[in-house]
Amino acid sequence: MAVQEREISDIKLQDGTPLVQNRFILMVRHDPLPAPYGDVLFTVLYLAEYLCGVFLCRRYERTNDVTWLSFTIVFMALPALLIQLTLTFVHRDLGRDRPFVLFLHLLLLGPVIRCFEALWVYFKAGKKEEPYVTISRKIQLKKGQNTPMEWEISQSERKLATHRDAFKRTAVIQAFLGSTPQLTLQLYATIQEKYVMPLRLALMIITLISITYGALVCNVLAIQIRYDDYKVRLRPAAYLCMIVWRVLEIATRITALVLFSTALSHWVILVGMVNLLFFFFLPWVEFWVKKGSLTENVEKNFSKVGTTVVLGIFTLLYACINIFCWSAVQLDLSHRDLIEKKQRWARLAAYYCGRFVENFLLITLWYFYKSDFYEYVCAPLLCVQLLIGYSLAVLFMLLFYQFFHPCRRLFKHNIHDCLHCVCCHNGRSRTRTVPVDLPPSYSAAATMVLMTPERQETQEEPEVQNTEPQESSERDNRVELMEAA
């Protein structure tokens, strides 16, 4: 692999600190193309859920279950139509002469042809030399160093990136506008009919996997948008931690809603509408308080009305995600990316505390108003298991942000620092006597923002300018010594 080095003078980093001169960028000529595993996984889940839903609808038709049949068809057709529109919109096929592709979209098989196109581009790439179309400049975080690098983006890699972005959007739509209500419906039908149908059980397992994958996509997209200047790569341990976190969070949340709906069927509509309206209007209220203006980069050909409609649909999807799990992003309708790049730990803590209290109330109300069907079920044990399961989801979420987040060393404050501040605040409230020499937090290295290259090269002999009091200089020396260790 040919590698070139060229000198640069000034590159702005995320915290606004420029790199000094005489630093080098590695020019990578031929970076291997990433395989479209996510596109294939989503296509398989889409086909499996669609076919399983079709067979289940035939079963409902034979048994004359009109209610289950109607809702199952709605939760299958609505996300499928939105997926076809999304893929057509992203690839701009309406202005191109592609009748066969549009015909497959009408048959709700758009993800299949898009997956074959992505695989064709991937296997065809590298057989002949391609001129690059642009250069991607990223900062690689590796072994405590920040290395600026440049990658030449070829035409094939650009096409694969377009397919990857389109499939990520469709995965989120399928997960939270189709799979989530479908799983809730089938679990409710199973409890009401008092037996487990194998075909229905298979559909519930597929939908749970689809929801978990959509939640993982939300996490990865949030990280990539917030740290757009950095080369983000998640390790297998990070994926495993996120999977456990999301599975426990989604499963316990849906179970609590379904149990509550079996005891108080009409009140669950009120609970769902309050959640939906709150998260739908929250970004718009913040937008109105900030007195911002609508972003003009949603689509060049859109008018103000069209932009408002698109933002409304985007906000609806955001609200549907937050009903069942943490969306991992906060909307900012005045920003170009529509997502706020600042990590708000207070909002994260408020969401999980409020959701835990809501789940506790739903489970408690179910316990007092449950039907006779649950007399052979240990209801107190089930309530405790659901609460413990949601608590474990929160625990794995904390572990991810503290230890497995790919950009955790760029945090100004992390989970350990927030907990440490809370403990210190409680300690000060009890007594005003504070020890002079407090042991430094082991997470100090994670709270350091980017260092300049000169400081990276001299970590073994740290120097601190005498621009602060003596106590501040000694504290900085301890932080740098721990970072060098």
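Predicted model: local features only at pLDDT ≥ 70, side-chain atom pairs only at ≥ 80, totals over all residues.
## Ground rules

Local features here need pLDDT of at least 70 and side-chain atom pairs count only at pLDDT 80 or more, while totals for chains, interfaces and linings use all residues. Residues are numbered from 1 along each chain as its sequence is written, and side-chain values use heavy atoms, with hydrogens and water left out.

## The whole chain

The chain has 15 helices and five strands; these are DSSP runs numbered from the N terminus (helices: H or I, at least four residues; strands: E, at least two). Of its 485 residues, 43% count as buried, meaning under 20% relative accessible area with a 1.4 Å probe, protein chains only (exposed is over 50%, partly exposed in between).

Now for contacts, which means heavy atoms within 4.5 Å. Take those with a separation of 6 or more: 73% of them join residues 24 or more positions apart.

## H1 meets H2

Helix H1 (residues 37-62) and helix H2 (residues 66-91) have axes that come within 9 Å and cross at roughly 155 degrees. The axes are lines fitted to C-alpha atoms over the stretch in contact, with angles from 0 to 180 degrees between N-to-C directions. H1 and H2 are therefore roughly antiparallel (over 145 degrees; under 35 is roughly parallel, 65 to 115 roughly perpendicular, the rest oblique).

On the H1 side, the contact includes Phe42, Tyr46 and Tyr50; H2 brings Trp68, Leu69 and Met76, among others. The contact residues split into 12 nonpolar, three polar and one charged. Here Ala, Val, Leu, Ile, Met, Phe, Trp, Tyr, Cys and Pro count as nonpolar, Asp, Glu, Lys and Arg as charged, and the others, Gly among them, as polar.

## Two loop residues

Asn64 sits in the loop between H1 and H2. It isn't a glycine, yet its phi is positive, about 60 degrees. Asn64 is exposed, at 62% relative accessibility.

Ala328 also has a positive phi, near 70 degrees, and lies in the loop between helix H9 (304-324) and helix H10 (345-369). With a relative accessible area of 3%, Ala328 is buried.

## The cores

A nonpolar core is a set of buried Ala, Val, Leu, Ile, Met, Phe, Trp, Tyr and Cys residues joined through side-chain atoms within 4.5 Å. The largest has 62 residues, and Phe42, Val172, Phe176, Ile254, Leu317 and Ile321 touch the most other members. Helix H5 (residues 155-193) gives the most to this core, 13 residues.

Leaving aside residues up to four places away in sequence, Ile321 touches Val172, Phe176, Cys218 and Ser327. A second, separate core has 31 residues, including Leu234, Met242, Leu331 and Tyr351.
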